[in-house]
Every structure is written in structure tokens, then in C-alpha cells.
Amino acid sequence: QNALLSATGTTIFTVMSALAAEKRSINLGQGFPDYEGPRDVVEAAAAALLDGRNQYPPLTGLPELRQAVADANRRFYGLEIDPAAEVVVTSGATEAITACLMAVLNPGDEVVLIEPLYDTYLPVVKLLGAVPRLVRLSPPRWELPREALAAAFGPKTKAILLNSPMNPAGKVFTAAELAFIADLVRRHGAYAICDEVYEHLTFDGWKHIPLMTLPGMREHCMRIGSAGKTFSLTGWKVGYITADRSLGPNLAKAHQNLTFTTAPNLQRAVAVGLAKGDDYFDGLAASLQGKRDRLAAGLAALGFGVLPTMGSYFVTTDFRPLGFAGDDVAFCRHITEAAGVTAIPVSAFYAGPEDSPAANGPVPTHFARFAFCKSDAVLDEALARLAAWK
Ligand code: PMP
Ligand code: GLN
């Protein structure tokens, strides 16, 4: 059996969701909404099923979805994208991340990864025979350690994987930080794989800036979006990659060998969704901002140290003020069992010492991530349970 996979644990999201189900706990762990996505998008998917959209669609995606992705790139970011050569539709952003890595990596290439990192990045980089170079961001400020980042780039660097808005930190990278990263990428002739699944989920006037829009970056970037996040339909697993035409053929071949295609009815519905008016996208962010405020204020009133969230589905909290004697894994298990509320330990987003021998900081062990993409009643009930437990 494959040794790397044998050594990889079951994802923390599945572990905590299973524990939440077993304990009948309110699951603020795994990030998925408990409300439906837009009705017209769901109806478009149902109509397409009944309309005979049930056979293999084209390899790189339905033409109408590729066009919609190109249109969205122009509308939101001023990017001119050729839908025929510069868009690949995938089965979720998860597949897109793997496809982008496959498209550019050869064994022995180095990939710069920024911790906290989404759980698929590290195993996939290693499965492809590439070498991870980890750079650590630390709570509560999640500042980009510029020196450590520059030091992680070298002659073997082939790519950096960048997640902004960032899970679990809720950080939106600033224009200045992006310019610093862009400079490193250009100077090393590297690629940037940009996991932008939370692109439309930003708050307080923070705007997501794709690295791809910075000067000279278009040929270097692969930009990844997710219909799951943009339309609150996480089970659909429809993702899309936008990348320069020079990368298109290899991205298509990676996708060809991973899943080949993605459900056509869902693709058609996502095309309908991406064409929705600005009121939809503004309303989505405003609604989540309200939920963030509701949960953040409630957790702060209970004594948690609540870190700011500029984007994503998540608030990160320091639980030390509550007086719990144990690490974040113990805390998340404890509140699941004792309070009936589930969160995710932030240390799960950090690599072990074997992958991070020269880490530029410690793994944080006293932070828990709570998802706020839930109905207000569920957020209130979770807060009431935590108050009763405390
Ligand atoms: N990247 C990040 C940072 C995520 O949080 C998620 C959400 N699960 C994904 C990728 C995967 O997205 P998808 O469900 O479209 O595969
Ligand atoms: N992205 C979601 C989260 O961070 C979970 C996705 C998954 O379960 N793989 O909670």
C-alpha cells in the first residue's frame, strides 16, 4: 500500500463531524452552511437533469459555464479570459488544487506552502514527489513573515500555494503582501496556485484581490474558485480554474486523469449562478458578516479571545481565558462532549516536525475554529449551550 497515504490521518473535518453526530452536538466544525443555496440555481440544476443533461460533458467543462467563469473574471476583477483556452471546470476546488499541482510539478520540485494550510495541500504535494517548503503564519496577527517567505524560495522552487481569503485564519491578504509574493514568484520564474474559494465571502469593506491581477502575474497564476462556497452548495463540488493559455493543455490533462468531467446539470446551474446580479453577491457577504458578528460577539461575551475575521466562514478563538487546561484537540473534543458544540482545533492546519524541520514559529495549540455559516437560531443555540457549560 502507498506509504504516504497510510501515514496520512483521516481529515479533521470528518473526524470532528463524526464525533459531533455521535454526541448530537451542534456542528460548528466542518464548514458547510445549514441553509439552502439560491433557489433559482437549484432549480436550474433540477431542470437540467430532466432536460437530458446526463451524459459526459466536454472535458474542460460546459461551454456556457466556461463562458460564465470568463465573464465573472471580467466583471469582478477586470481580467480578460478566453473561455475556450483559459478555463477548466473541475469536481470541486479540491480537484482543482490537485490538478494545478499536477500540471506544473516534476518530482523533486519544491513547493512553498503557507501554514495554516488546508488539509489536502501537503499530502498531494508529497504524493506528486515534490518537496514542501513550509512558512508559518501565527495567531493572533497572522502576519506574513516576509523574511521566512523569501528564504523558502530557491532555485528548485516551482510553485507557491496561496489561500486568500484564508481558512482558518479569516485573513484577506493585503495588496502590499500580494505584491511581495508576486515579486518572489516572478523572480524565481515560479507558478502561484491561488486557492480563492472564499473570494466572495469578505467583510467590512475588505476586497479580495486575485494575485493574477498584479502586474506581470497573469502567466504565473492558476486561480481557483468553488461554486460550493459562492452558492452555499458545498456538496455540489463544482470548481473552476482560470489560468493562462500556456497552462491550459496540462491542466486539461490533469483533469482528464483525475475525474475527466464534472456533473453537467450542476455545471449548467453554476453558469446561471455566476450570472446573478451584484445584489446576490453583496447579499451573500452581508448575510455572512451578520452571522460572523453574531457568533463573534457571543463567544467574546463568554470570555473567548475572538480574533478578527476579514473573510471566509470561520472565526478563530483563543480559549485560554476560559481556564481550560489542555490543548486545542482536547478542548474541541471536550466542548463536543460536555457542551454539545463542536469546533476544529487550529493545530490541525499545521504540519508536523517531519515536514517542517526549520519552522519559523511554534504550532499554536490553544485556538479553536468555529464556523458561522449557520442559521441564526443554530448559532444562538450553540452560544446558549456554551454558556450553560461554562
Ligand atoms: N480550499 C479551501 C481553503 C477550503 O476551505 C475548501 C473548502 N472545503 C476547499 C478548498 C475545497 O472546496 P470544494 O468543496 O469546492 O472542493
Ligand atoms: N473546507 C471545509 C472546512 O474547512 C471542509 C471541507 C472538507 O470537509 N473537506 O471546514
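**Exercise 1.** In this predicted model, find which helix gives the largest share of the shell around ligand 1, and describe that shell by class.

*Solution.* Start with the helix: α5, residues 92–104, supplies 3 residues, the largest share of the shell around ligand 1. Next, take the whole shell: 13 residues surround ligand 1, and the closest are Gly92, Ala93, Thr94, Asn167 and Ser226. Last, sort the shell by class: 8 residues are polar, 3 are nonpolar and 2 are charged.

**Exercise 2.** List the residues that surround ligand 2 and sort them by class.

*Solution.* First, name the residues: Thr11, Phe13, Gln30, Gly31 and Asn167 surround ligand 2. Then sort them: the shell around ligand 2 holds 4 polar residues and 1 nonpolar residue, with no charged ones.

**Exercise 3.** State the bounds of the domains of the protein chain, then describe the side of domain 1 that touches domain 2.

*Solution.* Begin with the bounds: the domain assignment gives domain 1 as 3–37 + 279–389 and domain 2 as 39–277. The centres of the two domains, taken over C-alpha atoms, are 24 Å apart. Now look at the contacts: 41 residues of domain 1 meet 41 residues of domain 2. On the domain 1 side, α12 (278–301), β10 (314–318) and β13 (367–371) each provide at least two residues. Of that side, α12 gives the largest share, with 8 residues. Finally, sort by class: the side of domain 1 that touches domain 2 has 24 nonpolar, 11 polar and 6 charged residues.

Definitions and conventions. Residues are numbered from 1 along each chain as its sequence is written. Chains are lettered from A and ligands numbered from 1 in the order in which they are written. This is a predicted model: local features need pLDDT of at least 70, side-chain atom pairs count only at pLDDT 80 or more; totals for chains, interfaces and linings use all residues. A residue is near a molecule or strand if its C-beta atom, placed from the backbone, lies within 6 Å of it. Ala, Val, Leu, Ile, Met, Phe, Trp, Tyr, Cys and Pro count as nonpolar, Asp, Glu, Lys and Arg as charged, and the others, Gly among them, as polar. Helices (H or I, at least four residues) and strands (E, at least two) are DSSP runs, numbered from the N terminus. Domain bounds come from an automatic or database domain assignment. Two residues are in contact if their C-beta atoms, placed from the backbone, lie within 7 Å.
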